[in-house]
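Here is a short report on one protein model. Take a look at the sequence and the structure first.

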Amino acid sequence: MSKSKAATSNWDVAELQRGLEAAGVALWSWNVDDDTFAMDEAAFGLWGMTVRPHVTFEDLSSHIHPADRDRVRAAFAATRAVVGPYEIDFRILVDGDVRWVSARGQGDDLGMVSRKMFGIFIDVTGRKQAEEGHELLAGEMSHRVKNLLAIASGLTAITSRSVDTTTDMARELTQRLTALGRAHDLVRPLPGEEGKAALLGDLLSVLLAPYDDLGAFSGRIRVSVPRMGVGEQAANALALIVHELATNSLKYGALSAETGTLDVSCSAHDTELVIAWTEQGGPPVQPPEGPGGYGSQMVARAMARQLDGAIEKDWAPQGLVVRLRMNKDRVAL
């Protein structure tokens, strides 16, 4: 008697059955001549079928996911020529739900007993769902990295056209990327809200804080907006837009003068959200000539593509007024 058989003989049937139940293992045998399966009660429960003396391969096939059916049929037929253990994972449909089943056994006709092959079924739905979750996460991370690289590349190109020295370029580019990073850090789940979001007021305050903390400028930026969530995509877009407006104000607008102030307010309507950027007390306003620079074009593109909105500018003598009109639904994305 072999060592494995001697070890098995130390266990009675009831003990082996309890071990199988504890491991979630279901038993099956396949008669290769008449193509029928005999299964234990656990296997019938796994497949969502009533217990019966035997079932045909076609009976089981009717429960296999249509996308896996031909593959499973071919794989089972091929196991007769497989030497050693085999494993086949496939999906089955049980009352409209999808379950993942792993069928395992020993291949090769020489291993058959009374023209039957033997094996087990194991429910591996949890493992497969975890694998799918990891794949989705990996795909999402890859997508985000590509997006960030594209944004960084675009910002580099834009910045290089708006500065005169490498020192200025390094400073401007760092500020733009830092603004993007601050917006990303604010993206956190909110209690009672769906999806990932930041509070709009927190987002605007953090983005504008560097400009409000520059010595004499401190306390001259006021943010007054309703409590509402902003999704990750919208936060990234708003970060770029707000930084561009703040940079221009620091160079040419209200924040370039000691007496200048900036008020940021918001009004929400049925389908539209409007953020008003109001500057006062700065130097005389001079409307730009032509369509505007790269920064202005970037802001317009971000508003249109990511927020389904538009930007309106009123070059009033007392100070620039900017209205950011955006789709309310897009703000939550």
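## Terms and source

A residue is buried when its relative accessible area is under 20%, exposed when over 50%, and partly exposed in between (1.4 Å probe, protein chains only). Helices (H or I, at least four residues) and strands (E, at least two) are DSSP runs, numbered from the N terminus.

This is a predicted model: local features need pLDDT of at least 70, side-chain atom pairs count only at pLDDT 80 or more, and totals for chains, interfaces and linings use all residues. Residues are numbered from 1 along each chain as its sequence is written, and side-chain values use heavy atoms, with hydrogens and water left out.

## Helix H5

Helix H5 covers residues 66–78. The expected span of a helix is 1.5 Å times one less than its number of residues.

Which residues of H5 are buried? They are Asp68, Val72 and Phe76.

## Aromatic pairs

Rings of Phe, Tyr and Trp (its six-membered ring) pair if their centres lie within 6.5 Å. Planes under 30 degrees apart count as stacked, over 60 as edge-to-face and the rest as tilted. A search of the whole structure finds 11 aromatic pairs. In one of them, the rings of Trp28 and Phe37 have centres 5.6 Å apart and planes at 55°, so this pair is tilted. Trp28 counts as buried because its relative accessibility is 2%. Phe37 is buried too, at 1%.

Trp30 and Phe76 form another pair. Their ring centres are 5.7 Å apart and their planes stand at 85°, so the pair is edge-to-face. Trp30 lies in strand S1 and Phe76 in helix H5, so the pair ties together parts 46 residues apart in sequence. Both residues, Trp30 and Phe76, are buried. Ring pairs also link a cluster, which includes Trp28, Trp30, Phe37 and Phe76.

## Strand S6 and its partners

Two strands pair if DSSP finds at least two bridges between them. How many bridges join S1 to strand S6 (residues 116–123)? There are seven, and the two strands run antiparallel. Here Trp30 stands opposite Met117 in S6.

S5 also runs antiparallel to S6, joined by five bridges. Arg104 stands opposite Ile120 in S6. In a regular strand, side chains alternate between the two faces of the sheet.
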